[in-house]
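Work through the exercises below with the sequence and the model side by side, and try each task before you read its solution.

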Amino acid sequence: MLTRRATLSLLAASTAIFASGGAFAMEPPVYVEGGIAIDGADAVAFFSLAEDDEPVIGSSEYALEWNGATWHFASAENLALFEADPEAYAPAFGGYCAFAASRGYVASTVPEAWSIVDGRLFLNYSLRIRRRWLRMLPEAIAEGDAIWPALLG
C-alpha cells in the first residue's frame, strides 16, 4: 500500500515526464494532421510567395508520401521538384513550430505562420508566435538546430 507521500511523489514524477514530452511516446518525424503535412499546403510554393501571401493549398491529385506523411502540391511541377530534393523544400524541424523547437519542445503549426529564412521554410504555432520568433533570429534557429531531432523522443 502506498503512503500519501509516495503517491504524491509518483504523481509529481509522472507529471514531469509527461510535461517534458519524454519516454512514453515518440513524436512522428513530420507534424501532420490527418496524415497530411502542412495542412495540405504546397511546400514548394512557399518559396515563390511574397512575405505576407497566403499559403498555396495543394491537391490530393498531386500527392506524395515522404517521411511518414502525405504531402500535397498545387501542380505536377511542384511535386516533381519536391520529389527530386525533399530536404530543400520540407519545413525545418519537421514542420513543428520553430519557436517551440528553439525552446526545447514540439508544438503544432498553421501554414499561415510561415517564414523563409536563409532558404529554409519555417512554420510556427500562430502568427503571434511567428512575430515573436522572428524577433529572436538568428539565435532561435541556431538553438532549434542544436536541439533537433532529439526533441522527437
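A residue is called buried when its relative accessible area is under 20%, exposed when that area is over 50%, and partly exposed in between, using a 1.4 Å probe and protein chains only. Strands are DSSP runs of E with at least two residues, numbered from the N terminus. The model is predicted, so local features need pLDDT of at least 70, side-chain atom pairs count only at pLDDT 80 or more, and totals for chains, interfaces and linings use all residues. Residues are numbered from 1 along each chain as its sequence is written, and side-chain values use heavy atoms, with hydrogens and water left out.

**Exercise 1.** Determine how many residues of strand β4 are buried, and on which sides they lie.

*Solution.* Begin with the count: 5 of the 5 residues of β4, residues 69-73, are buried, and therefore the strand is largely enclosed by the rest of the structure. Next, recall that in a regular strand the side chains alternate between the two faces of the sheet. Finally, sort the residues: Ala69, Trp71 and Phe73 are buried on one side, while Thr70 and His72 are buried on the other.

**Exercise 2.** Describe how strand β3 is joined to β4.

*Solution.* Two strands pair if DSSP finds at least two bridges between them. Here 5 bridges join β3, residues 59-66, to β4, and the two strands run antiparallel. Within this pairing, Glu65 has Thr70 of β4 as its bridge partner. The hairpin has 2 residues between the strands, and Asn67 takes a positive phi near 55° there.

**Exercise 3.** Is Asp118 buried or exposed?

*Solution.* First locate Asp118 in the loop between β5 (110-117) and β6 (120-124). Its relative accessible area is 75%, so Asp118 is exposed.

Terms used. Helix = DSSP H or I, 4+ residues; strand = E, 2+ residues; numbered from the N terminus.
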